[in-house]
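The sequence and structure are shown first.

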Amino acid sequence: MKILDRIEDLIENLLEGVFRRNNPSPIQPIEIGRKLLKVMEGNKRVSIAKTYVPNQYQIYLNPNQLIEFESLKQTLAQELKGVLQQKAEKENLSFIGNLWINFTADPDLDLGAIRIEAGFLEQSESETGEFSVTAPQADFGHTQIFSIPDKIKKQAHLVIENHEHEYVHSLSGGRQSLGRSHKCDIVIKDQNVSRVHAWLESVDGQWKLIDNESTNGTFVNNQRIGEQVLQSGDQIRVGTTTIIFQDGE
């Protein structure tokens with residue numbers, strides 16, 4: 001019996017080896033689900049009465065791996081919607097319209113990589129099926145009032161604004177890359193931004209911004225810089241994107 005078990009293990013290992021050679025970085029649906037939940041959590045918007053989370057999600061995969069999910073896309077999208085809805089109900093989070101999840105190929109992504117864009121889209125717009133990012137209209141009228149959660153306020157963070165959306169990125173100790181590449185710690189979707197445009201580095205309790213010899217330069221308060229220690233409220237510009245640095249409370 002032990003000999004048979006060893007033979008079965010050997011066959012299984014050989015098959016796994018062949019599969020890995022043909023699929024170097026297979027993606028499991030559970031990996032997409034985990035990342036989707038993380039993106040939803042990281043894009044909360046707090047109004048006077050409610051906490052909103054995105055209702056529009058664009059999932060990008062390497063073209064070769066997207067083919068693997070082709071026959072499962074609709075079923076997987078429905079399951080992922082259910083996961084997000086359960087999470088929202090459990091934590092009393094609100095959507096401004098129907099959930100929408102779409103899979104798209106991105107040839108710049110490595111095998112095994114997943115990139116997700118999230119946005120707020122009102123019901124009247126989402127019926128078109130077009131993906132865009134807009135601020136939600138809260139149900140207390142047409143005034144859009146959002147605040148940064150206290151947990152984020154107490155630590156250094158960036159408020160990033162470009163033509164697509166506005167979001168908050170919390171800074172943790174160490175060195176973080178900023179740029180257009182999906183491999184950066186802080187991804188900026190702006191064609192005027194270099195792939196690795198700049199670095200943010202924590203030095204003796206302060207954050208220093210360092211330009212990475214970018215093509216279009218890095219600006220702080222409208223002055224082009226090589227490197228500069230940031231002060232709370234400083235306005236950073238990379239490409240057409242504006243970033244406000246806040247040192248925390």
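Beyond its neighbours within four places in sequence, Ser94 is in contact (heavy atoms within 4.5 Å) with Lys50, Thr51, Tyr52 and Val53. The model is a predicted one, in which local features need pLDDT of at least 70 and side-chain atom pairs count only at pLDDT 80 or more, while totals for chains, interfaces and linings use all residues. Residues are numbered from 1 along each chain as its sequence is written, and side-chain values use heavy atoms, with hydrogens and water left out.

Ser94 lies in the loop between helix 4 (73-90) and strand 4 (100-105); helices (H or I, at least four residues) and strands (E, at least two) are DSSP runs, numbered from the N terminus. With a relative accessible area of 16%, Ser94 is buried, a term that stands for under 20%, whereas over 50% is exposed and values in between are partly exposed (1.4 Å probe, protein chains only).

**Helix packing**

Two packed helices are described by the angle between their axes and the distance between the axes. Helix 2 (residues 29-42) packs against helix 4 at an angle of about 40 degrees, and their axes are 10 Å apart. Axes are lines fitted to C-alpha atoms, for helices over the stretch in contact, and angles run from 0 to 180 degrees between N-to-C directions. The two helices are therefore oblique to each other: angles under 35 degrees count as roughly parallel, over 145 as roughly antiparallel, 65 to 115 as roughly perpendicular and the rest as oblique.

On the side of helix 2, the contact is formed by Pro29, Ile32, Gly33, Leu36, Leu37, Met40 and Glu41, which meet Leu76, Leu80, Val83, Leu84, Lys87 and Ala88 in helix 4. By class, this contact has 10 nonpolar, one polar and two charged residues. Here Ala, Val, Leu, Ile, Met, Phe, Trp, Tyr, Cys and Pro count as nonpolar, Asp, Glu, Lys and Arg as charged, and the others, Gly among them, as polar.

Three strands form an open sheet in the order 4-3-5, with mixed pairing; two strands pair if DSSP finds at least two bridges between them. Strand 4 and strand 5 (114-119) are the edge strands, each pairing on one side only. On average, neighbouring strands of this sheet are turned by 20 degrees against each other, direction ignored. Within the pair of strand 3 (residues 56-61) and strand 5, Gln56 stands opposite Gly119.

Helix 2 lies across strand 3, strand 4 and strand 5, and runs at about 35 degrees to strand 5. Helix 4 also packs on the sheet, where it touches strand 3 and strand 4, and its direction makes about 135 degrees with that of strand 4.

| Strand pair | Sense | Bridges |
|---|---|---|
| Strand 3 and strand 5 | antiparallel | six bridges |
| Strand 8 (residues 175-179) and strand 9 | parallel | two bridges |
| Strand 8 and strand 10 (residues 198-203) | antiparallel | four bridges |
| Strand 10 and strand 11 (residues 206-211) | antiparallel | six bridges |

Individual bridges link Gly179 to Val187 in strand 9, Leu178 to Ala198 in strand 10, and Trp199 to Ile210 in strand 11. The hairpin of strand 10 and strand 11 has two residues between the strands, and Asp204 takes a positive phi near 50 degrees there.
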